[in-house]
Amino acid sequence: MSTDYSCLEQIDKNPGNLIKGLQTIQAEHSYIADEAIVATANYFSMAVVEVEGVVSFYAQFKRTQPGKFQICVCDGTACHIKGSTLMLDWISTELKIADGETDADGFFSLETAACLGCCSLAPVMSVNGKVFGNLDRKATLKILKEYRKK
Amino acid sequence: MANITVTIDGKQLSAAPGETILKIARDAGIQIPTLCHNEKISRTTSCFVCVVKDIKSGRFLPSCSACPADGGEYESSSAEVSDMRRSALDLLLSEHNGDCEAPCTIACPAHADVEAYVRAGRDGDFLKSLQIIKTRIPLPMSIGRVCPRFCEVDCRKNITAGEGGAVCINDFKRLAADLHYEEYMEELPELNGKKVAIIGAGPAGLGTAYYLRMQGFASVIYEKMPKPGGMLRYGIPEYRLPKDILDKELNHFNKLGIEILCNQELGKDVTLDELKKDFDAVAITVGCWKPSSMRTEGEELAAPGIEWLEKIARNGWKGKNPGRTIVVGGGNTAMDCLRTSVRLGSDNVQCFYRRTEKEMPAEDIEILEAKEEGVIFNFLTAPVSLRQGENGLILTCRKMELGEPDASGRRRPVPIEGSDYEVEADTVIAAIGQKTAIPDATIPANRWGDVEADKISQQVNDNIFAAGDCISGAATVVEGVAGAFRVANSIAAYLADIDPTTVHADPINVSRGHWRNMAIDDLVFLRNDISDEPRVEFDFLPPAERKHTMDEVSRTLTKENMMKEGERCIECSCTSRDECKLKEHSESYGAKPDAIKGEKIKAGYDNRHPSIIHDRMKCIKCGICVKICKEVVNENLLSIKQRGFSAKVEAAFGQPLPDSCSECGECIEKCPVGALDWKIKK
Amino acid sequence: MSNRIKKIKVGMASCGIAAGADELYKILEANGNGIPLEEVGCIGHCYAEPLIEVETDAGSIFYSVTDTKQATIDNIFNLGEASRFGISEIRAAKENVKITRLCGRISPTDIDEYIANGGYEALQKAQAMSSAEVIDEVKISGLRGRGGGGFPTGMKWGFMASKEADEKIIICNADEGDPGAFMDRSVMESVPHQLIEGMLIAAYATGSNKLFIYCRAEYPLAIKNLKIAIDQAYERKLNVINGKPLEIIIKEGAGAFVCGEETALIASLEGKRGMPRFRPPFPTDKGWNDFPSMINNVETFANVPVILAEGGAEYAKIGTEGSKGTKLFALAGDLENPGLIEVPMGITLAEIVFDIGGADRDSVKAVQTGGPSGGCIPVELFDTPVDYDSLKSLGAIMGSGGMIVIGQNRCMVETARYFLDFTHRESCGKCTFCRVGTKRMFETLERITAGAGEIADINFLEDMGTKVRSGSLCGLGQTAPNPVLATLCYFKDEYLSHIENRQCEALECPALVDVEIKQDKCIKCKLCIKNCPVNAVSDDFVIDNTLCTRCNSCIEVCPKDTIFRCKKGDGYYSG
């Protein structure tokens, strides 16, 4: 079974667009599988190993299927001094997954970001891109509970 | 364009514009170390080992990439630049997760290239094996029998095969020597006319003579006993080292033209003053022959172990039945006395030792064999006094218990009040250690009573040097020859007007660690056909038989068995330890593997390719291989993956190099550290 | 109702949305009886989000709408007094809002509104001048690179203008990677046209023909608004310079801090791993695909229309000798009013932190400027004027404008550890000193904060810090040791306390604190017992510090605030 990577075809074949190609694949397939790397390499006429080198360099690219809800705890400076480490700990304890992991049923995945740029609302986290600010333990756990219902 | 003028280390140089500082310096004969630089590929600028200081701006520049401005001034050899380079190397060493040398070689006091002689044996070439052995072990027949096997204690096979499952290394020496000793002959250099006097024909003296001869020095050994060999002849019993074997081994020294004068005692038959004048240098290798005191009342009634053994040795390892025998002490000499007593016909032989079996300094195999031969061990028992009774000697003993650890780290035995009891015996032997008897008043003693010599050069004073037990205290034969190697190099340097403290290589050694702190997954297997068979079994005389004979207890193992045993060796050392630029530069800049602590590279290794090993844990991420493959070979099979400390070089999807790799070897040849290398060790 | 509501503007930059502005927008829409609503960007007062501006015949009224109860909504439509928002007088006096003048005041996606407010006039003005005159104007303004380096912008433009090539590239560095900085996000989300205008002026002045905006992918709203703005600019043919249409291309970064470095950014634009290279050659000689390329950051470009509009000389009236104009700062941390501010160069740290930020004078310990590349400046030195050179002399840097206020209750060793955690993970891994040196420094700080430090560690940090600085190719490595060296300079006693006394005075490092319940105030509600993930709270309300992981869950849930962190050793241990 091969996955459809025709989403690449809207992009010019110039290797300078490699990152854009990978971003397009990730937007479509939520992560970059080995065969996506092969398809991308073929598309841009590049060596597979070189594409893989690029994928592994950038934090944005995921190599495994993330959860349905991707929780991202901001660990920017403002959030950090407002207790983002504790927040990560609470979420981690609640969902029983560590930073970078996806839970067994593929529902939640947890990661940290260098900064979500909402420092004035620190500490913040995002779930599938939606940002929640001024979080304390109660608010954090409440958000998780609401997503769990979905 | 007109040339520019650049000053490097005060030298004014003319250079074409656009040339790098490195190129300009090298053209002018100024050596700058590099790791990531390679002429064939585009600039990398990653290692920062090539830094120079721009005097005008005060900045450090990577000389491999920086092109100087006209009139630029740079320094490459200042303390500051060296410090910067050393730090870069320290950092690279701190993450470098490999083994320069194999743990066996590091453990071997003589630093024998164990892996190489085991490998030669594995291939059935025991002559080659012997040749490798003899570069560090000049007495392989003897050491192949009596060595306590430091190498095997540290062997990583103890992980995969369980403790005690080390490769049976010492028996390679024994077999190689037994098979080829008589036919083997070194290539000898011409004598250079210089002559050294050596006092004592024990392992250290013989070894010194050997290594001196290998460097063109003649020597004369003065031996006070009737025959050469020292402890090998007069201390180690016949059943462990048959004297006809020893004679065979020592005969080789005649072939080398080494003169051994027996019955010549220093201070009696010959004086140090004479020797100092008559010879270019003197090596004192008199060993430790003075028994230590028990410090108990009636001690004079006991026979000192070493003297007791000597008497029997002089008698051709014969003697009368010592009757009920008590040996006090827990070292190898004590074991020798116990087991010799058994062989002389005693059926009541007991050992008294003041600590427990765990603390006993004797080799485990000796203790085991003594037990098999019926020796009774009394642990935590110390002698208090000895007196003559009506039916023999009466030894009063006291029970002990272990207290706090002492300076040696062993728990100190503490007497239990009121636990004294008496034992009757016909013979009491005190084997509790020995000291050096310094043969001349002009030779200084250290605080332990041994000869005081410089730790590095083993020089005593003027043209006098020393080696072996007489400077270290009683030790093993292999340590004796290790000291001989060192002192011979010192003497050779001294006689060439070179400071003898400067000629001893101090190689750095990166290590993955001791096997006790490692798991199987931490091991790196160069080959995937390493044998999982259990360790070869020794071939012993059965205990019942050996109790009544001085015949050698163990027999030499067969060639077939030892070839198979060789298949078990993991070959832990680095394939490119002789070409490693990281090692080379670290040694010249004084960088050390333990200078900076921290996590090592955990990127794993790949031995799946039939002929290439890729050990990513040694990789310094210079990327030369990636660029060589892409820019020179036009294949593009490798890439750096991840980033930061986790960065690593891999082929696609972590697979081995694909079939499209033509094995051109460019990446291997250019790898500065052997992270990519051929699997076959030279 | 004499005062008619003309329009309601809802601040819907990322910070506003995170605070609930999108929900508020819907409610206002449903309740507004057709009153026009407009999505605008951020006016910088993030602490008051969600913020709305109600435009009336008699001027604007701002509301800070922190809940969506009917009464609150009704109050807005009735122009009631409750929850009105006003800028404090002291802040208004200290700020000088020029570059962000239109931020949050106009719709980011409405080019007409931008033009109506003077937008693209500067571009027109520039095109009426010679390109050399434009560069002179920028030189006269004294503008220095706002990305952190502080290189004189006019000089860079001059270099670029002198290059002859088939293609010349202008790159906007919008990869705002400093954790704790959001100036560029705010500008791109709120006034994307201002950035585009600045870039087009630069293209005209330097004779460039291709424009890239390298924006981090974490800023989806900024990218969206920029795309709309570019399309609008194309439509109006504003991108036609000297008769040729210029291409403006947005490239999304993919999450690598090191790509803030010029040569790494270019590698990334070329689709490669973002690894920096040795300079020279500089990008203006050999940049994107080997063409001359000039990189400025978002804020720098956003300054350009202002300079052209008012003239370089006028612009240079603000600021200090070496640092001209105004600077944006993202103010966050331990203070009342976090948000985006714009202040004249030369303002003191005290004025920013206390007067504008509203921080409590007694509770501030330090301020961190320049993010992970910068340093901590202690409160004793808050009289320092904020300009490139003064900050550098203190071991900090201006940086791109992140400014984090650090309270007395924060541990400076932990702060240094935090920054090194970031930088060592973001190192591209090329230079030995950066790849391994920052890792070793981080490990050392981990040991110290875990209570296993040694005095020798301090010497190591100082020695290695200096070497990492001088032994790295790019800005990431060259500045990574700054937070450590600066804290070692100003807060060495905290390091010594961790090492010698095994105590964290700020009670922040988990390994060096205990947790206890003040029994006299405890109401025995058992919330702490229920919420403890490791069952460390006994039935009689004693916390067993042998089990406790210092997760703060109990402290957070305690309704009476009777649970505290205390000095290591003061808490109860079962074993």
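Reader: Which domains is chain B divided into?

Author: Chain B has domain 1 (4–77), domain 2 (103–184 + 529–566), domain 3 (195–289 + 436–495), domain 4 (293–432) and domain 5 (602–678). Those bounds come from an automatic or database domain assignment. Please keep in mind that this is a predicted model, where local features need pLDDT of at least 70, side-chain atom pairs count only at pLDDT 80 or more, and totals for chains, interfaces and linings use all residues. Residues are numbered from 1 along each chain as its sequence is written, while chains are lettered from A and ligands numbered from 1 in the order in which they are written.

Reader: How many residues of domain 2 of chain B are in contact with domain 3 of chain B?

Author: 19 residues of domain 2 of chain B are in contact with 23 residues of domain 3 of chain B. A contact is counted when the C-beta atoms of two residues, placed from the backbone, lie within 7 Å. On the domain 2 side, helix 6 (residues 140–146) of chain B gives the most, with five residues. By class, that side has 13 nonpolar, one polar and five charged residues. Here Ala, Val, Leu, Ile, Met, Phe, Trp, Tyr, Cys and Pro count as nonpolar, Asp, Glu, Lys and Arg as charged, and the others, Gly among them, as polar. The C-alpha centres of the two domains are separated by 26 Å.

Reader: What share of chain B is called buried?

Author: Of the 682 residues in chain B, 49% are buried. The name calls for 20 or more other C-beta atoms within 10 Å of the residue's own, whereas 12 or fewer makes a residue exposed and anything in between partly exposed, with C-beta atoms placed from the backbone. As for its elements, chain B has 23 helices and 29 strands. These are DSSP runs, numbered from the N terminus: H or I of at least four residues for helices, E of at least two for strands.

Reader: Why are the buried residues of helix 16 of chain B said to line one face?

Author: In helix 16 (residues 364–372) of chain B, the buried residues are Ile367(B), Glu369(B) and Ala370(B). They fall within an arc of 170° when seen down the axis, so they line one face of the helix. That arc is taken over the directions from the helix axis to the C-beta atoms. The buried residues pack against helix 15 (332–343) of chain B, while the face turned away carries the exposed Asp364(B) and Leu368(B). Just after the helix, Gly374(B) takes a positive phi of about 95°.

Reader: What puts the buried residues of helix 7 of chain C on the same side?

Author: Helix 7 (residues 131–141) of chain C has Val134(C), Ile135(C), Glu137(C), Val138(C) and Ser141(C) as its buried residues. Their arc around the axis is only 155°, which puts them on the same side of helix 7 of chain C. Ala132(C) and Glu133(C), both exposed, sit on the face turned away. Among the elements covering the buried residues are helix 6 (121–127) and helix 8 (153–161) of chain C.

Reader: How do you know which strands are the edge strands of the five-stranded open sheet in chain C?

Author: The sheet has mixed pairing and the order 13-12-16-14-15. Strand 13 (339–344) and strand 15 (375–378) of chain C are the edge strands, as each pairs on one side only. Two strands pair if DSSP finds at least two bridges between them. Strand 12 (residues 326–333) and strand 13 of chain C, running antiparallel, are joined by six bridges, and Thr326(C) stands opposite Pro344(C) in strand 13 of chain C.

Reader: Which residues form the covered face of strand 17 of chain C?

Author: Val513(C), Val515(C) and Ile517(C) form the covered face of strand 17 (residues 513–517) of chain C, and Asp514(C) and Glu516(C) the uncovered one. In a regular strand the side chains alternate between the two faces of the sheet. Strand 17 of chain C pairs with strand 18 (residues 563–567) of chain C in the antiparallel sense over five bridges, with Glu516(C) opposite Phe564(C).

Reader: How many residues of chain A are in contact with chain C, and how many with chain B?

Author: 40 residues of chain A are in contact with 48 residues of chain C. Helix 1 of chain C gives the most to the chain C side, with four residues. Nine residues of chain A are in contact with eleven residues of chain B. Helix 3 (residues 48–57) of chain A supplies the largest share of the chain A side there, seven residues.
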